[in-house]
Amino acid sequence: QEETRRKLLEQVGLEKQDKTSPPEPSQGREPGAPSAGSQPDAAVAPAPAAEPGFKPVVRPTPATAFVGAVHEALLTSCRPCHAVGGIAATTRLRFDGAAVRDHAVTRRFVDLAAPRRSLLLTKATGVAHGGGPTIAAGGEIHRRLLQWIIDGAEAEATRAASSAATSPQAARRSRTPAVVPSLPLPAAPSAVPAAPAPPAAAAPADEGATAAGDLAAAGEVPAAATDDAAARALAVGMHVQLVRACLPCHRSGGPAGLTRYTLEGVLEADLAASRRFVDAARSSGSPLVAKAEGLQHGGGVVWPKQSAGHESLRAWLAAGAPSELAAGAPPADEVSAALASTKIDAETAAHAPGKAEATPAAAGVAAPPAAAPSSAPSPPGRHGGVHLSLLGQELTLNGRFDVNLERRGFGGDPFGDGSHTALQSYHHFVFLGRQSAEDPFVLTAELTSLEFYEAGVRLGPRRRGVGLHVRAGKLLVPFGTEPLFHQSYGGHVGFDQRVLPAVWAAEGLAASGHLEVADVTLSADVYGVRGHALRDADAVLNLQGDLSPVDDARPALGLRLRAAFASLTGYYSAYFNPLGHDRRLFMQALDLSLWRWRGLPVLDRLVLGVGLLRADVSGGGSGVDHFHFASYWLARVYAFEWLSVQYRQGLRTFDNKRNLTFDGRRRGVEDGSTHNLAVVARYRGLSVALTHFLNLEKADEVDDDLLRLAVAYEF
């Protein structure tokens, strides 16, 4: 892992292969100073103790500066946690990205009298550090930081001439070749020639330069290689942020694993997937940016503006969103391994799948491309989850709570005679999640009433475009677009649903796999769960309430297939189980959606969806064959990113004996349609929706229309 990590750092420009530079010219050398190219006198400049396997490398360089490579190394290894909004944001060490301020903060953790015992080094190598080791003891970053402290922990590399003349220590720091312990590194790629020796007095690097640019300015990277190195640095930095913030949900088997945006933990594949949601003509208006900022994103704000993730995203987009490493870069698997070895993980629990009717899944369509909540801790008001550490495991709590003011029991005028007002709270859920990029085991559970709980494991090596997960527990049955709350069949969703359970969860086992071929993503869920059962031989099946009892479980088998291309997504679902009394159920559903096709007028603000469900009950015995049918279609228009208007219509019929959708001879109050119009406003985790439901029965019309004002909060 250490070898792989060094390869990665070398490729992105944070480090390069150690080479012995040409000796410093002897002209102008002060009397008594060591000759150029010679080993320094131990009494003048004591070398750090060599460790087993290290060899001394002589570098006639000026004093090591904080600005440049040292600063970039700390931003890479420490800033993900030690920043505003980070896990360690409340500690005394906090970076904001400005070299001058970061130097002042870092200097407090340096001991010039005992460099190796500096808190900066001991904490980073894992000694009494809550985040564990973030750099390898004796590794290249460790050596660079140690040398910087030995050289005086200064911000800049240059020294004034008068200071050098009057201060023997300054003279030694600026003129004495430093002995730096160095592990043998792999040979540099042949495409990148060896760098020329830096001048004796290198100019300080510009504060705003990239890591590759800093090293190039100091003469450590040839100018010809700077652009490639900078692009690689941006690509790897962007992937680090995606792994930390988005992978926990947008992975195969994750809560958002069946959306059009899926990640694998492999650099090139993940960046290629992200590029699909980038608008090249207007990068700042790309769907990826909008979702990361929390606009119409079920996961809320991922990267607030001016955060490290947001800045990485902007820089990556400004560079053209590079998704491939240049020649000579380590393979994608090695990059992923290196990311894991530097503790860049994704120990972020998922936001609960399908939370609000305002989200895309709530409308019965595939969710949009989005990033998951950041792994940085967020207070409840930030809609990023509450992050906990328990017995060494990183966990996240997410939840949804709402209150609904409703006007019920009317058939036209919501304030006419016979109508009444109700105050309801439907959602009071807290979800616990745990998953990690390098750990294959995951856990997701609903805590308040154990509506569902799932434990899973990733099988096989992570390869580009391929993934396989297995999970067990009280599963959210993978049928239709969204098992939790958001089935739209019949025109209703959530707890208004009249066909399937509001939360369709059953004990069982499931396997999920996905495959990417060019721009098409294919996925499949295969599962076995506790199924339905008939109460008696001639009963009509109720899909909401006739689940088999625990002590007489009826096994059910199911399959869900998904295909996605650009903004188009399609699902086919099938479900089979014996019902008892020689009867059996075979249920199928088909769902299609078009989600905001970016770059196309009108379509970039439009969401369309359609779905059909048919549940056939047949077989021998004394019962009569029958089927249920339900459908929906919807259209949603985004007036603004935070404001949308939606119309949904659905048909539902029960106990049909013939025809494709409806047997008119058996019409009743259970047969009907629903039309609803909703206006939804959302700001981060807070949403407000006003919805009018027009419920029409095919016989014996009932005054059951509904006007609802819903206020919901998710974290």
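**Strand pairing and aromatic contacts**

A689 has A710 as its bridge partner in β20. The model described here is predicted. This briefing covers the strands around that contact, a helix, and the contacts made by aromatic rings.

- A689 belongs to strand β19, residues 686-697, where the side chains alternate between two faces.
- Strand β18 (residues 672-683) runs antiparallel to β19, and 12 bridges join the two; N676 has F693 as its bridge partner in β19.
- β18 and β19 form a hairpin with two residues between them, and R684 in the turn has a positive phi of about 55 degrees.
- Strand β20 (residues 705-714) pairs with β19 in the antiparallel sense over eight bridges.

**Strand β4 and its partners**

- β20 also pairs with β4, in the antiparallel sense and over 10 bridges; here L405 has L709 as its bridge partner in β20.
- Strand β4 (residues 393-410) pairs with strand β6 (residues 428-434) in the antiparallel sense over six bridges, and L397 stands opposite L432 in β6.
- Five bridges join β4 to strand β5 (residues 420-424), again in the antiparallel sense, with E406 opposite A422 in β5.

**Helix α10**

- Seven of the nine residues of helix α10 (residues 267-275) are buried, so the helix is largely enclosed by the rest of the structure.
- The buried residues in α10 are L267, E268, A269, D270, L271, A273 and S274.

**Aromatic pairs and charges over rings**

- The count of aromatic pairs comes to 12.
- The pair of Y426 and F495 is stacked, because the ring centres are 6.1 Å apart and the planes lie at 20 degrees, under the 30 degrees that count as stacked.
- Y426 lies in the loop between β5 and β6 and F495 in the loop between β9 (466-476) and β10 (505-517), so this pair ties together parts that are 69 residues apart in sequence.
- F495 is partly exposed, with a relative accessible area of 39%.
- F479 and W504 form a tilted pair, at 5.7 Å centre to centre and with 55 degrees between the planes.
- F479 counts as buried at 0% relative accessibility, and W504 counts as buried at 1%.
- F429, F431 and F452 form one aromatic cluster.
- The charged end of R596 sits over the ring of Y638, 4.3 Å from its centre, and that of R614 sits over the ring of F627, 3.6 Å from its centre.

Key
Residues numbered from 1 in each chain as written. Predicted model: local features only at pLDDT ≥ 70, side-chain atom pairs only at ≥ 80, totals over all residues. Heavy atoms only, no water. Buried < 20%, exposed > 50% of the residue type's maximum accessible area, 1.4 Å probe, protein only. Helix = DSSP H or I, 4+ residues; strand = E, 2+ residues; numbered from the N terminus. Pairing = 2+ DSSP bridges. Phe/Tyr/Trp six-rings, centres within 6.5 Å; stacked < 30°, edge-to-face > 60°. Lys NZ or Arg CZ within 6 Å of the ring centre and 35° of its normal.
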